[in-house]
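Here are some exercises to work through with the model open beside you. Try each task before you read its solution.

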Amino acid sequence: MPIQSQSEKAKSFATMAPFNVAVYLYPSADILDFSGPVEIYSMRPASGEPLFNIRTFGHHEHITTESGAMTYVPNHSFSVLEQNIADYDILVIPGAHFDVFDKLLPSNEGRELTELLRRFTGLAPRKEAGTRILQSVCTGSIILAASGVLQGRTITTHHMGFEMLKQWADKAAGGDSNVDVVRKRWVDAGTTDAGVRIINAAGVSSGIDTSLWIYEQLAGKEQADFVAEIAEFERRGEAWGV
């Protein structure tokens with residue numbers, strides 16, 4: 001796919017937007033892992049026109065964070081969003097403490113989620129959007145690894161989870177997954193055969209960096225920098241593959 005100039009990105013974005021974003025919520029998921037991307041995608045550029053439609057979904061009607069400080073009510077049930085997954089252009093998978101995955105991934109909910117990721121990465125981008133992105137934040141990439149979609153890619157996660165990320169990728173592959181786990185703030189892991197781009201953020205606040213980078217890829221640097229300025233967030237560009 002030819003690389004567009006910033007002006008071309010902004011022009012094509014204006015004709016394609018808004019993009020539909022789905023954010024998966026689950027018990028004990030890290031707050032900033034999902035609230036960071038939601039905040040960035042909720043922000044409007046200088047034109048004031050909304051660029052993203054954001055919906056949360058989950059297996060539970062009420063979802064409590066690890067600390068118990070907050071309880072969330074997702075917009076949609078898992079089954080409803082699963083039926084309409086082809087309508088979404090960006091799928092965000094947040095992370096959690098490592099021991100959460102020991103319970104989540106072998107469960108029915110975990111199996112349904114990993115199947116959804118495999119299905120999503122096999123869907124060609126919507127004509128109206130022109131792009132489809134699977135975005136993990138922090139240890140959310142462990143869920144991607146368990147689904148098998150990271151095989152043979154350069155990937156990352158929270159720096160304390162490198163070994164676990166490789167283990168789940170190998171388990172999904174039934175042997176050596178040939179993943180290259182790197183210590184970067186975020187990683188562009190490339191695209192699937194269907195044209196779905198996979199992006200891994202490292203720890204927690206890195207999800208804001210990746211969301212701004214995705215914003216830039218879709219709308220141009222000027223728009224992304226404007227949003228970063230409004231959010232008073234200093235952008236960091238430590239990525240592999242860009």
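**Exercise 1.** By class, how many nonpolar, polar and charged residues does the lining of the second largest pocket have?

*Solution.* This is a predicted model, in which local features need pLDDT of at least 70 and side-chain atom pairs count only at pLDDT 80 or more, while totals for chains, interfaces and linings use all residues. Residues are numbered from 1 along each chain as its sequence is written, and side-chain values use heavy atoms, leaving out hydrogens and water.

Start with the space: the second largest pocket holds about 180 Å³. (A pocket is an open set of points on a 1 Å grid, probed at 1.4 Å, with protein on both sides within 12 Å along at least five of seven lines; lining residues have an atom within 4 Å of a point.) Of its 13 lining residues, the closest to the centre are Asp30, Ala96, His97, Cys138 and Thr139. Sorting the lining by class gives 5 nonpolar, 5 polar and 3 charged residues.

**Exercise 2.** Find the order of the 8 strands in the open sheet.

*Solution.* Strands are DSSP runs of E with at least two residues, and helices are runs of H or I with at least four; two strands pair if there are at least two bridges between them. Reading across, the order is 5-2-1-6-7-11-10-12, with mixed pairing. Strand 5 (76-77) and strand 12 (239-240) are the edges, each pairing on one side only. Now look inside the sheet: strand 7 (residues 133-136) and strand 11 (residues 197-201) run parallel, joined by 4 bridges. Here Ser136 stands opposite Asn200.

**Exercise 3.** Describe how helix 5 packs against helix 6.

*Solution.* First take the axes, which are lines fitted to C-alpha atoms over the stretch in contact, with angles from 0 to 180 degrees between N-to-C directions. Those of helix 5 (residues 108-121) and helix 6 come within 9 Å and cross at roughly 75 degrees. Helix 5 is therefore roughly perpendicular to helix 6 (the class for 65 to 115 degrees). Next list the contacts (heavy atoms within 4.5 Å): Leu113, Thr114, Leu117 and Arg118 of helix 5 meet Ile143, Leu144, Ala146 and Ser147 of helix 6.

**Exercise 4.** Where is Ser28 found?

*Solution.* Ser28 sits in the loop between strand 1 and helix 2. Its phi is positive, about 75 degrees, although Ser28 is not a glycine.

Notes:
Angles under 35 degrees count as roughly parallel, over 145 as roughly antiparallel, 65 to 115 as roughly perpendicular and the rest as oblique. Grid points are joined across faces, edges and corners, and a volume is the space filled by probe spheres set on the points. Ala, Val, Leu, Ile, Met, Phe, Trp, Tyr, Cys and Pro count as nonpolar, Asp, Glu, Lys and Arg as charged, and the others, Gly among them, as polar.
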